[in-house]
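Open the model in your viewer and keep the selection tool ready. This tour goes stop by stop, with something to pick at each one.

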Amino acid sequence: MASVLVVEDDQFVRSALIRHLTDASHTVRSVGTALEALREVAHVRFDLVILDLGLPDLDGSEALKMLRGITDVPVIVATARDDETEVVRLLNAGADDYLTKPFSVEHLSARMAAVLRRARSGAGDVPPSAVIRVGGLAIDPLRREAELDGARLDLTRREFDLLAFLAGRPGVVVARKELLAEVWQLSYGDDQTIDVHLSWLRRKLGETAAKPRYLHTLRGVGVKLEPPGAERLP
């Protein structure tokens, strides 16, 4: 089972989370402020952090950025804000996943299991493989590095996983259900999760959904990655 840090200032919610996680045989520590959370992760190795955004001392997204400055521990953000702009901001700040309050313990357990599976599959367990090249993209699955036209891409863990998965199947339309299963390790989920990551990945590739170069969305079908101009080849 996992070692989990719960960062939640609402005592009722905090107690409920601790009870559920403990019943599931996880080791749990909890704090009520962002600064306490930073001290904890600086001194204790956790498998997962559940971070509430409504903390009394720091905005949750700022706390997330500070956490990312000192640790790569997977973070699930719990938030009452569900608009796309906010979700994009959180994922860009380094969240591995998010839950919109209120949520069920079953939903939390499923998200935790998926994030932990992904984290434990890590780069150290990836067998040696050749660099994947698609047009000007070069992706090294072993080193978890990606370049575009020789320039290093600064990708989050999930952005890299998504890019590498699609690049390994150039020109093939991948269904959203398959992306959720293979990249997020989820049997079900919200399409918005994929859309948000695609949006940020496109930005880092210097393209948009309206003017795609590498990433192409086929509405109602799926997503494919191919080199610029490939669709014009005979």
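A polar contact is a pair of N or O atoms within 3.5 Å; within protein, one must be able to donate a hydrogen and the other to accept it, and residues adjacent in sequence count only if both atoms are side-chain atoms. This is a predicted model, where local features need pLDDT of at least 70 and side-chain atom pairs count only at pLDDT 80 or more, while totals for chains, interfaces and linings use all residues. Residues are numbered from 1 along each chain as its sequence is written, and side-chain values use heavy atoms, with hydrogens and water left out.

**Stop 1: Asp97**

Select Asp97, in strand E5. Helices (H or I, at least four residues) and strands (E, at least two) are DSSP runs, numbered from the N terminus. Now show side chains. That of Asp97 makes a polar contact with the side chain of Arg111, at 3.0 Å. Is Asp97 buried or exposed? Asp97 is buried, with a relative accessible area of 2%. Buried means under 20% relative accessible area, exposed over 50%, and partly exposed in between (1.4 Å probe, protein chains only). Next, pick out what touches Asp97. Contact means heavy atoms within 4.5 Å. Leaving aside neighbours within four places in sequence, Asp97 is in contact with Val75, Ile76, Val77, Arg111 and Val115.

**Stop 2**

Domain 1 puts 17 residues into the contact, and domain 2 puts in 17 residues.

How much area do domain 1 and domain 2 bury between them? The value is about 1700 Å², 47% of it on carbon and sulfur atoms. Buried area is the accessible area (1.4 Å probe) that two parts lose on being put together, summed over both.

Zoom in on the charged pairs. Two salt bridges are counted between domain 1 and domain 2. A salt bridge is a side-chain nitrogen of Lys or Arg within 4 Å of a carboxyl oxygen of Asp or Glu. Select Arg157 and Asp96: they form a salt bridge, with the closest N and O atoms 2.8 Å apart.

Now look at the side of domain 1 that touches domain 2. Helices H4 (84-93) and H5 (105-121) each supply at least two residues there. H5 gives the most, with seven residues. By type, this side divides into eight nonpolar, two polar and seven charged residues. Ala, Val, Leu, Ile, Met, Phe, Trp, Tyr, Cys and Pro count as nonpolar, Asp, Glu, Lys and Arg as charged, and the others, Gly among them, as polar.

**Stop 3**

Select H4. The buried residues of H4 are Glu86, Val87, Val88, Leu90, Leu91 and Ala93. They pack against helix H3 (60-70), strand E4 (75-79), E5 and helix H8 (191-204). Just after H4, Gly94 takes a positive phi of about 120°.

Move to H6, residues 157-167. Ten of the eleven residues of H6 are buried, so H6 is largely enclosed by the rest of the structure. Among them are Phe160, Leu163 and Phe165.

**Stop 4**

Most residues other than glycine have a negative phi, and most peptide bonds are trans. Find Lys101 and Pro102: a cis peptide bond joins them, with omega about -5°. Pro102 sits in the loop between strand E5 (97-100) and H5.

Next, Ser25, in the loop between helix H1 (11-23) and strand E2 (27-31). Phi of Ser25 is positive, near 75°. Then go to Arg144, between strands E7 (137-140) and E8 (145-148). Arg144 is not a glycine, yet its phi is about 55°. At 29% relative accessibility, Arg144 counts as partly exposed.

**Stop 5**

Select Ala37 in helix H2 (residues 34-43). Ala37 is buried, at 2% relative accessibility. Not counting residues up to four places away in sequence, Ala37 touches Leu5, Val7, Val31 and Leu67. Ala37 and Val6 are 31 residues apart in sequence and 8.5 Å apart in space, C-alpha to C-alpha.

Finish on Thr22, in helix H1. At 45% relative accessibility, Thr22 counts as partly exposed. Draw a line to Leu198: the C-alpha atoms of Thr22 and Leu198 are 35 Å apart in space, across 176 residues of sequence.
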